[in-house]
Amino acid sequence: MSAQILDGKATAAAIKSDLTARVAVLKEKGVTPGLGTILVGDDPGSQKYVAGKHRDCAQVGIASIQRELPATATQEEIEAAVRELNEDPACTGYIVQLPLPKGIDENRILELMDPDKDADGLHPMNLGRLVLNEPAPLPCTPNGVLTLLRQYGVEIKGAEVVVVGRGVTIGRPMPLLLTRRSENATVTQCHTGTRDLSAHLKRADIIVAAAGSAHLVRPEDVKPGAAVLDVGVSRSAEGKIVGDVHPGVAEVAGWISPNPGGVGPMTRAQLLVNVVEAAERSVG
Ligand SMILES: Nc1nc2c(c(=O)[nH]1)N[C@@H](CN(C=O)c1ccc(C(=O)N[C@@H](CCC(=O)O)C(=O)O)cc1)CN2
């Protein structure tokens, strides 16, 4: 058996094509959506992701606002950049690229953002709205995972889903999205404290692997025909991406997302969706 590829690159391209048309309509109404990014430090991965976000913006006609601070930036300096984007009328929505350097209070930075400009859906108010089932910008990676599953017709309703990881960008919000009535999945959240990960994985119809642990999910852990989404990123000595999913899983799974080329491009596409939706709300 060889799994069907959940092609994030192609699905993201289709989303961006739709957004290009929507941005053109907004511009006719005198509104140019703008995405801001705050990047602190010189982590090559983060630099690459932020550059990709701005490349996407250029493709669909969204304006880019880039703020870069050195790794030595203080809490106060980062907070000043956040306040500046909160006030900038050209900035429809923005993100603070995570993780921030050690010693910076990340939660305080997120809390300081204007929730109406939170393009990542990670402000506590927006995460709270998600819990309360109120409209909110959805966190980009979890929403990208859902969009990819829907695009390829993977049954989510009633599915047993195992999410591996509990980080703020994916692991925490992913079950919130999956357990909404519109999705109706049953979710088990696993993490480094889980006693028998393999036992949980073996029961899953859908696995979302977001632990950042190379080849954590092995072929023998996967139920034949399951959908496996590889979200985790580790780097080999040569700097190449190594996902959380062992390559042999493709022989057992029914669907698999490549890494790179799977959830990463979807994360970026959903970010643009959040910015365009915010701009559309502003024109009513
Ligand atoms: N503020 C945020 N910070 C971070 C988020 C996030 O959603 N918001 N998620 C991750 C990183 N991330 C988004 O910023 C991200 C990860 C991967 C990609 C991507 O396009 N990956 C490519 C490969 C790129 C490469 O070669 O390295 C792919 O998978 O094909 C985009 C964005 C942590 N921080």
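**The ligand shell in a predicted model**

The residues of the shell around the ligand comprise six nonpolar, six polar and five charged, where Ala, Val, Leu, Ile, Met, Phe, Trp, Tyr, Cys and Pro count as nonpolar, Asp, Glu, Lys and Arg as charged, and the others, Gly among them, as polar. The model is predicted: local features need pLDDT of at least 70 and side-chain atom pairs count only at pLDDT 80 or more, whereas totals for chains, interfaces and linings use all residues. Residues are numbered from 1 along each chain as its sequence is written, and side-chain values use heavy atoms, with hydrogens and water left out.

The ligand is surrounded by 17 residues, the closest being Lys-53, Val-96, Leu-98, Asp-120 and Gly-261; a residue is near a molecule if one of its heavy atoms lies within 4 Å of it. The largest share of this shell, four residues, is contributed by α9, helices being DSSP runs of H or I with at least four residues and strands runs of E with at least two, numbered from the N terminus.

For Arg-235, an N or O atom of the side chain is 3.1 Å from an oxygen atom of the ligand. A polar contact is a pair of N or O atoms within 3.5 Å; within protein, one must be able to donate a hydrogen and the other to accept it, and residues adjacent in sequence count only if both atoms are side-chain atoms.

Overall, the protein chain contains nine helices and 11 strands. Its C-alpha trace spans about 50 × 40 × 40 Å along the principal axes.
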